[in-house]
Amino acid sequence: LIPPGAAGRGGAATETDTISFAKRSGMSAGIPVIGDLFQVYVDDPILSELYLVHRRHAVVYMGPRLAEELRLCGSPRVAVTVVPNAPRWQVVAYLYRVDLLDIGTLLAHGPRSCWNGTAGVADHRVVELRSLCVDIPAGHRIAVGLDMYSELYEPANADANATLTFTYDDAVAPMGAELPVNVL
């Protein structure tokens with residue numbers, strides 16, 4: 001997956017993106033309990049218009065369009081390296097299937113909270129997302145969105161001044177998504 005703006009940054013050694021806490025970023029895991037029920041029993045997916053996501057409060061990594069259909073079956077993981085401005089923080093990861101109009105269909109999500117970190121010090125963590133089994137059509141993309149709040153999880157820090165800076169430096173700790181790809 002490609003960090004925002006990476007294609008035009010000229011390959012700097014270390015890239016960063018900073019987000020701040022907000023209850024609304026433009027991404028959501030749905031309404032607690034009801035969202036999951038509608039997804040499973042009514043086949044009403046949770047959608048997000050990824051081009052409208054508030055970039056001050058979230059970051060979205062978009063992969064290239066798929067040349068052929070792809071099956072994901074298992075538990076995705078997202079590795080992040082963050083520099084928090086407070087010892088308590090939370091990151092919520094969302095995995096999307098993105099159609100030709102950049103509308104994301106939520107496939108999986110999960111939080112990672114830290115209650116005893118060190119402000120200003122990089123912290124590498126892995127976010128475990130809920131299990132899935134889904135086919136992604138050719139021409140669609142896969143995206144990972146990151147923010148600091150979801151209605152489904154109690155935040156470690158709800159301070160409006162809380163920030164997370166994501167760092168991309170493979171020499172220190174790689175950041176990316178581990179997807180459970182299965183052969184069709």
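In what order do the 3 strands of the open sheet stand? The order is S9-S4-S13, and the pairing is antiparallel. The close-ups below come from a predicted model, in which local features need pLDDT of at least 70, side-chain atom pairs count only at pLDDT 80 or more, and totals for chains, interfaces and linings use all residues. Residues are numbered from 1 along each chain as its sequence is written, and side-chain values use heavy atoms, with hydrogens and water left out.

**View 1. The open sheet S9-S4-S13.** Strands are DSSP runs (E, at least two residues), numbered from the N terminus. Two strands pair if DSSP finds at least two bridges between them. Strand S9 (132-136) and strand S13 (181-182) each have a single partner strand, so one side of each lacks a neighbour in the sheet.

**View 2. Strand S4 against S13.** S4 covers residues 70-74. Its antiparallel pairing with S13 runs over 2 bridges. Leu72 stands opposite Val181 of S13.

**View 3. Ser150 in its loop.** The loop lies between strand S10 (141-147) and strand S11 (163-168). Beyond its neighbours within four places in sequence, Ser150 contacts (heavy atoms within 4.5 Å) Ala29, Val92 and Tyr94.

**View 4. Met175 in the loop between S11 and S12.** Strand S12 spans 176-178. Residues up to four places away in sequence aside, Met175 touches Tyr61, Ala79, Val80, Thr81, Leu146, Phe166, Thr167, Tyr168 and Asp170. Val126 is 49 residues from Met175 in sequence, and their C-alpha atoms are 9.1 Å apart.

Methods:
Helix = DSSP H or I, 4+ residues; strand = E, 2+ residues; numbered from the N terminus.
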